[in-house]
Amino acid sequence: MLEVTSLRSGYGAVEVLRGIDLDIEAGEIVALLGSNGVGKTTFSSVLSGLIRPWSGTIRFKGEEIQGLSEQAIVDRGLIHVPEGRHVFPNLSVRENLELGSYRRGRANRARNLDHVVDIFPRLKERFAQKAGTLSGGEQQMLAIGRGMMAEPELLILDEPSIGLSPLLVEEMFDLIQRLNSDGLTILLVEQNVLQSMEIAARAFVMENGEIRLSGVASVLMDDPELQRSYLGLA
Amino acid sequence: MRQLVILGIVFALIGLAPFVIASEFWLNLVIMTLYAALLGQAWNILGGFGGQFSFGHAAYFGTGAYTVAVLQVQLGVNPWLGLVAGGLMAVVVAAGIGFSTFRYGLRGSYFALVTLAFAEVLRILSNSVDFTGAGVGILIPLDQGAANFQFVSKQGFFWVIWLMALAAFTVVWWLGNSRFGAQLMAVRDNEDAARALGVSAFRVKMGAIMLSGLFSGLAGVFYAQYFLYLDPYIAYGPAISIESLLVPIIGGMGTLFGPLLGAVGLHLISELTRELIGDLPGISLVLYGILLVIMVLFMPRGLAGLVNRLRPKSAATGARHA
């Protein structure tokens, strides 16, 4: 579904992504792991068109999309839920959700809203409330729900578990798994290695703007290098 | 919907003014308050709903004013046509300024400074070219008659500014209830998240600045016809830019009724000081500065915020989503 080859990008003169190769098959959860500052968020932003790539190709459903506008990329079904629950605090929950379907037809909007409310019944109770008054966990659900409103084929979740309590993290990962079993392809960008590996089919580990390790999640878990650098084992 | 009903009632009540106010002095005060509300609402579209703080709304105001005046004096064009031309020219200037700032992603204080610079450039230009009358200014010859947009009584002017303000307030009500408005507020709240959803921040901001410029330009046209005199300092000077932003900041940015509350508040205060201190040159600017500091420090949500705070909570949240 997604094929990235030798992707480079950065800010000004600073190169952040130094040739990334990554692929995602339809129906998979793929985890992109790595600690702070290795370029994970830059990578997701390049995929969704918020940051321009310097070179390399991004192929989505067989079509090259690098350098397209963010609108064109949303239109093609690649949806990015940015890091840090970027909800619109002064708009209501309902307005937040509706903005997610902004690029979709009018007829689809009501259906998408029903669908999202099915997934997140909590949001329905808070429809008229301003998004800024929601709890952290609810805001994260709203951000994901808003992404779902855009009819994603590939959903990029950038650190969905950040800043959530352990119980909510658990809930969040259950939810991601549920979305995936409904047929959604997901790129999970995370620092939480253990829990991500549990639900991901395959994983890529980033370091210094490069992919350091990659492979089937269950195999990768036993990799001594991963254990040493990320889990403090061995 | 409830807001629209309230808006209708408020403007209907204001519309009673020419029937119940006999004194020209008081009717003038109502006219100038509506005019300030129009200026403030224009700024509110871009600043309050779009989060783009312009310090140079005089650029649109002055363009509207000069367009109608120059067309009339130099080319003999009827000022009602000039009204349309003035509005359009202001939109063109707004589009130009918007394109050159938003295209390069200027935000916050950079945007504020650049808009200030644009207004100053226009002021200096209008001070140096002949067809605007340069530093001497431009005097629109007195030729009273409704066909000339020079009403004999103040009532005619009242209805013009009443209609202009009503149009601006209706557009802002629409902003609060439309997809375009939701996108604009989304860009204000979080531009990157809005872009990730496929909202074109550039296009949305361009729409807002052009709407904003249109109403500022109309206010300029009205000013020119009401006072029949313009010079570069009046048209493009900082006083207009400051009044434009002060009205919604006092009243409540990003709210429908904020600019109306702000205009009333500002005029009460400036009339009051004129009574107390007299017509000291520049005193209003000193006062505006002090007022701005006080508002930002103690009442960041403006008078509208105060009204909301005093109301019971359920009513306050209900109104937003009625």
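In what order do the six strands of the open sheet in chain A line up? In this predicted model, the order is β6-β7-β8-β3-β9-β10, and the pairing is mixed.

At its edges sit β6 (78-81) and β10 (210-216) of chain A, each of which pairs on one side only. From one strand to the next, the twist averages 15 degrees. Now zoom in on one pair: β6(A) and β7(A) run in the parallel sense and share four bridges. One residue to look for there is Leu78(A), whose bridge partner in β7(A) is Leu154(A).

| Helix of chain A | Strands of chain A touched | Angle between directions |
|---|---|---|
| α1 (residues 40-47) | β3 (29-33), β6, β7, β8 and β9 (202-207) | about 150 degrees with β7(A) |
| α7 (residues 166-181) | β3, β7 and β8 | about 155 degrees with β8(A) |

Next, step back to the domains. Where the two meet, nine residues of domain 1 of chain A are in contact with eight residues of domain 2 of chain A. On the domain 1 side, the elements giving two or more residues are α2 (70-75) and β7 (154-158) of chain A. The largest share, three residues, comes from α2(A). Sorted by class, that side of domain 1 of chain A has five nonpolar, three polar and one charged residues.

How confident is the predictor about chain A? The average pLDDT is 88, and 97% of the residues score at least 70. Among the elements of chain A, strand β8 (residues 185-190) has the highest mean pLDDT, 94, while helix α10 (residues 224-230) has the lowest, 75.

An unreviewed UniProt entry lists several stretches of chain B under "transmembrane region", including residues 32-51 and 156-175. What does the model show for them? Residues 32-51 of chain B are 80% helix and 0% strand, with end C-alpha atoms 26 Å apart. Residues 156-175 of chain B are 100% helix and 0% strand, and here the end C-alpha atoms are 29 Å apart.

Technical notes:
Residues numbered from 1 in each chain as written. Chains lettered and ligands numbered in written order. Predicted model: local features only at pLDDT ≥ 70, side-chain atom pairs only at ≥ 80, totals over all residues. pLDDT = per-residue confidence, 0-100. Contact = placed C-beta atoms within 7 Å. Nonpolar A, V, L, I, M, F, W, Y, C, P; charged D, E, K, R; others polar. Pairing = 2+ DSSP bridges. Axes fitted to C-alpha atoms, helices over the stretch in contact; angles between N-to-C directions. UniProt positions renumbered as here; feature names shortened; annotations may be inferred.
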